[in-house]
Amino acid sequence: GEIIVVDDGSNDRTGEAVRNFPVKYIRHEVNRGYGASIKTGIRNATGEIIVICDADGTYPIADIPKLVGYVKNDDYDMAVGARSFQAVPLMRRPAKWLLNKLANYLVDYKIPDLNSGLRAFKKDIALKYFSLLPSGFSLTTTITLALISNNHRVKFIPIAYNKRTGSSKIRPVRDTLNFLQLIIRMIVYFNPLKVFLPASLLLFLMGSLLLGFNLMRGNLGEAEVITLNTAFLILMFGFMADLISKKI
């Protein structure tokens with residue numbers, strides 16, 4: 001195997017720290033983001049199986065052979081080290097719980113850890129989704145949703161989660177909103193009816209209630225007509241998006 005260290009334009013002397021070790025060192029001249037760094041590593045990797053791991057000391061690297069074993073034997077396309085919910089910092093738990101619940105509903109799959117930074121996967125499969133993988137923190141979320149939505153075999157393995165060395169770059173509010181937007185976008189891409197159908201049904205129910213209420217008063221208004229028409233249009237958009245998605 002090989003170890004690739006991607007230095008994302010840091011100023012913490014990463015290059016000096018790894019100089020005496022047998023690693024392939026790649027440096028971005030400017031900070032390009034977490035996802036961009038992982039994609040750089042994948043492009044420069046020569047092996048068929050990729051392992052990614054954050055360099056902040058949180059993930060147990062002793063579990064890497066176990067993850068690789070599941071992929072190497074061709075049993076799974078990706079193996080993910082799943083952290084327990086209790087390992088997540090208290091302030092981030094409500095948002096993580098909400099995002100996980102939404103992702104589980106949209107992909108019809110119980111995902112133990114949506115964005116774990118320790119995982120092994122096949123390089124050729126990752127390259128198929130390269131154009132979808134973002135440059136920010138949401139790369140791990142994207143590849144998880146993409147593989148599960150397209151019926152790839154994904155294995156989640158419980159792991160320990162250690163105390164972080166250094167400070168987190170996560171911005172709680174902004175990154176949570178970005179993750180939410182990403183989840184919805186990914187599901188619209190792979191399974192659009194999961195998004196369009198509930199929205200259409202909700203508007204249809206609202207329009208029907210308004211229609212019934214106004215008919216009882218003997219007064220047909222514009223609001224219920226617009227709401228029902230919008231529900232129908234959203235449903236049609238959903239069917240069109242689903243046909244396009246299946247064709248792709």
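Which residues make a nonpolar surface patch of about 610 Å²? The patch is made by F232, L233, M236, F237, F239 and M240. As you explore, keep in mind that this is a predicted model. Below, we visit the patch, then the nonpolar cores, and finish with a few residues in and around loops.

**The nonpolar surface patch**
- How exposed is M236? With a relative accessible area of 32%, M236 counts as partly exposed.
- Patch residues must have over 30% relative accessible area, so M236, at 32%, passes that cut-off.

- For background, nonpolar side chains in soluble globular proteins tend to be buried together.
- Here, the largest nonpolar core contains 34 residues, and I111, F121 and L145 have the most contacts inside it.
- Several elements give two or more residues to this core, including the helices α2 (34-44), α4 (93-107), α5 (123-128), α6 (139-149) and α7 (172-190).
- Strands contribute as well: β3 (49-52), β4 (78-82) and β6 (154-158) each give two or more residues to this core.
- Which residues does L145 touch, if you skip its neighbours within four places in sequence? L145 is in contact with A103, V107, I111, L114, I183 and M186.
- There is also a second, separate core of eight residues, with Y59, L118, I157 and I159 among them.

- T14 belongs to helix α1, which spans residues 14-18.
- The side chains of T14 and D12 are joined by a polar contact of 2.6 Å.
- Apart from neighbours within four places in sequence, T14 also has V5, D7 and Y25 as contacts.
- R13 lies in the loop between β1 (4-8) and α1.
- Although R13 is not a glycine, its phi is positive, at about 65 degrees.
- Is R13 buried or exposed? R13 is exposed, because its relative accessible area is 59% and the cut-off for exposed is over 50%.

**Another loop residue with a positive phi**
- D108 is located in the loop between α4 and β5 (119-122).
- Phi of D108 is positive too, near 55 degrees, and D108 is a residue other than glycine.
- D108 has 57% relative accessibility, so this residue counts as exposed.

How values were computed: Residues numbered from 1 in each chain as written. Predicted model: local features only at pLDDT ≥ 70, side-chain atom pairs only at ≥ 80, totals over all residues. Heavy atoms only, no water. Patch = residues over 30% accessible without salt bridge, like charges linked within 9 Å, V, L, I, M, F, W, Y side chains within 5 Å. Areas by Shrake-Rupley, 256 points an atom, 1.4 Å probe, with all protein chains shown as cover. Salt bridge = Lys/Arg side-chain N within 4 Å of Asp/Glu carboxyl O. Buried < 20%, exposed > 50% of the residue type's maximum accessible area, 1.4 Å probe, protein only. Helix = DSSP H or I, 4+ residues; strand = E, 2+ residues; numbered from the N terminus. Polar contact = N/O pair within 3.5 Å; in protein donor to acceptor, adjacent residues only side chain to side chain. Contact = heavy atoms within 4.5 Å. Core = buried A, V, L, I, M, F, W, Y, C linked by side-chain atoms within 4.5 Å.
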